[in-house]
Amino acid sequence: MFNTAQHCHVESNVLNELESYSSLPWAQFVEEEFASSLLKCSNMSTLGPDKLSWRHFKIILKDKTCLRNIITIADTCIKLGYWPSHFKISLTIVISKPNKASYDSPKLFRPIILLNTLGKLIEKVISNRIQFHVVTNNFIHYSQLGSLKFKSTIDAGIALTHFIHMGWVKNMSTSTLTFDISQFFPSLNYHLLSLILKKAGLDSLIV
């Protein structure tokens, strides 16, 4: 289903124009990071292979011993550069797209991939930490709005309006081109990604 880009030739010199930031040590995780990430998770999410919901984890993490054990697992994963196979187990289910007149075509269905909930929780915490790092040092371009905290559709509209007005000042008109890269993340070249993370100044353990 996915086309991998792992063995494709990549021109890494495209990164030369990016500023390289000094590497900062990766701090150990703290309880507040897990509590904050878990707070935003819906109790109605479909269960993964481990049959644990976010509601279960909200109860489990109230126990400080359980929470500290989970933090120890996350810190050890970073320290060893190892992601347990248990977290890689996935379950794919096919669901129908709502409100269709008929369901006689494969395009009217879509697969969703369910992962073990503990692994997803740790991933959320890691993702939040990385995003904070790259936004704080301005590594992310100011016009990058998608999937960033404190960015919204309104911000995208304001940015587009700004570009249009800049064109008007120069007696120019503005056109927009939008596109979606199909299966972008499954096809990501991990060698290039590691170089990007290194440029962003992330700890070698994360890279």
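Guide: For charge, Lys and Arg count as positive and Asp and Glu as negative, with His and the chain ends left out; each charge is placed at NZ of Lys, CZ of Arg, CG of Asp or CD of Glu. On that basis the protein has 21 positive and 14 negative charges, and their mean positions are 6 Å apart. The model is predicted: local features need pLDDT of at least 70, side-chain atom pairs count only at pLDDT 80 or more, and totals for chains, interfaces and linings use all residues. Residues are numbered from 1 along each chain as its sequence is written, and side-chain values use heavy atoms, without hydrogens and water.

The protein has 7 helices and 2 strands, taken as DSSP runs (H or I, at least four residues, for helices; E, at least two, for strands) numbered from the N terminus. Their order from the N terminus is α-α-α-α-β-β-α-α-α. The C-alpha trace spans about 65 × 55 × 35 Å along its principal axes. Of the 207 residues, 26% are buried, where buried means under 20% relative accessible area, exposed over 50% and partly exposed in between (1.4 Å probe, protein chains only). Among contacts (heavy atoms within 4.5 Å) with a separation of 6 or more, 67% join residues 24 or more positions apart.

Now the interior itself. A nonpolar core is a set of buried Ala, Val, Leu, Ile, Met, Phe, Trp, Tyr and Cys residues joined through side-chain atoms within 4.5 Å. The largest such core here has 22 residues, and W26, F29, F34, F57, L61, L121 and I122 have the most contacts inside it. Helices α1 (31-39), α2 (54-60), α3 (64-80) and α5 (117-136) each supply at least two of its residues. In soluble globular proteins, nonpolar side chains tend to be buried together. Leaving out residues up to four places away in sequence, I122 touches F34, I73, A74, W83 and F87.

R129 counts as buried because its relative accessibility is 16%. With residues up to four places away in sequence left out, R129 touches W26, A27, Q28, F29 and E33. Two of these partners, W26 and F29, are among the core residues with the most contacts.

Loops give a further view. L108 sits in the loop between β1 (90-96) and β2 (109-115), and L108 is buried because its relative accessible area is 17%. Beyond its neighbours within four places, L108 contacts S96, K97, K100, S102 and Y103. From L108 to K149 the C-alpha distance is 31 Å, across 41 residues of sequence. By contrast, N138, in the loop between α5 and α6 (153-169), is exposed because its relative accessibility is 62%. N138 has a positive phi near 60°. N171 lies in the loop between α6 and α7, with a positive phi near 55°; at 76% relative accessibility, N171 is therefore exposed.

Just after α7, G201 has a positive phi of about 85°.
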